[in-house]
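Try each task before reading its solution.

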Amino acid sequence: MDEYGANCLPKKPQWNHTKTKALKCIELKMADTMKIYKDFYSKKNKIYQDTYILKWCKSTIPKRHRNVTVIKKSISIEYSVPALDDIHKKICREAFCDILEIKGDRIQGLMKRYQSGKILMEGRGVDRVKGKNYEKKNSVSKLLRASKA
Ligand SMILES: [Zn+2]
């Protein structure tokens, strides 16, 4: 599938964060971005790539807003990547998307689906079927029906 294949080489790092010290985009070298890019595209497989994204993007939802409606609206994501020296560096969304040549929308969509429990992370990938079964098993209507029987 060409959609998940590499189109071109990653851009040379040019993200500069003099104000946000927590973000380490500026410390990433071309060799780092090449390594990350190669890891990501080592398999032209959506599930592999989605798992990669889930591994390095952390979404945070405020506790009081833990419901699906809010998840649909907004989700804040922290991005990090493994540099060559194995140090995990927090970077910005722009840098993350640039390195992997993907759109922020893809990450947002993926994180939202992940957060709403429709997909579960597995050792080898994202198992949609299992997520579905899990939902069914735990659905309130089924519990009610069971108690009536
Ligand atoms: Zn940045």
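This is a predicted model: local features need pLDDT of at least 70, side-chain atom pairs count only at pLDDT 80 or more; totals for chains, interfaces and linings use all residues.

Residues are numbered from 1 along each chain as its sequence is written.

**Exercise 1.** Describe the fold of the protein chain in outline.

Solution. Start with the elements: seven helices and five strands. Helices (H or I, at least four residues) and strands (E, at least two) are DSSP runs, numbered from the N terminus. Next, read along the sequence: α-α-β-α-β-β-α-α-β-β-α-α. Then take burial: of the 149 residues, 17% are buried. Buried means 20 or more other C-beta atoms within 10 Å of the residue's own, exposed 12 or fewer, partly exposed in between, with C-beta atoms placed from the backbone.

**Exercise 2.** Find the buried residues of helix α4 and what covers them.

Solution. Helix α4 spans residues 93-100. Its buried residues include A95, F96 and D98; I99 and L100 are buried too. Their cover includes α1 (30-40), β2 and β3 (88-91). After α4 comes E101, with a positive phi near 55°.

**Exercise 3.** Classify I77 as buried or partly exposed, and place its contacts.

Solution. First locate I77: strand β2, residues 76-82. I77 is partly exposed because 17 other C-beta atoms lie within 10 Å. Now set aside neighbours within four places in sequence: I77 is in contact with C57, K58, S59, R93, I107 and M111. Contact means C-beta atoms, placed from the backbone, within 7 Å. Finally, check M111: 34 residues from I77 along the chain, with C-alpha atoms 8.2 Å apart.

Technical notes:
Two residues are in contact if their C-beta atoms, placed from the backbone, lie within 7 Å.
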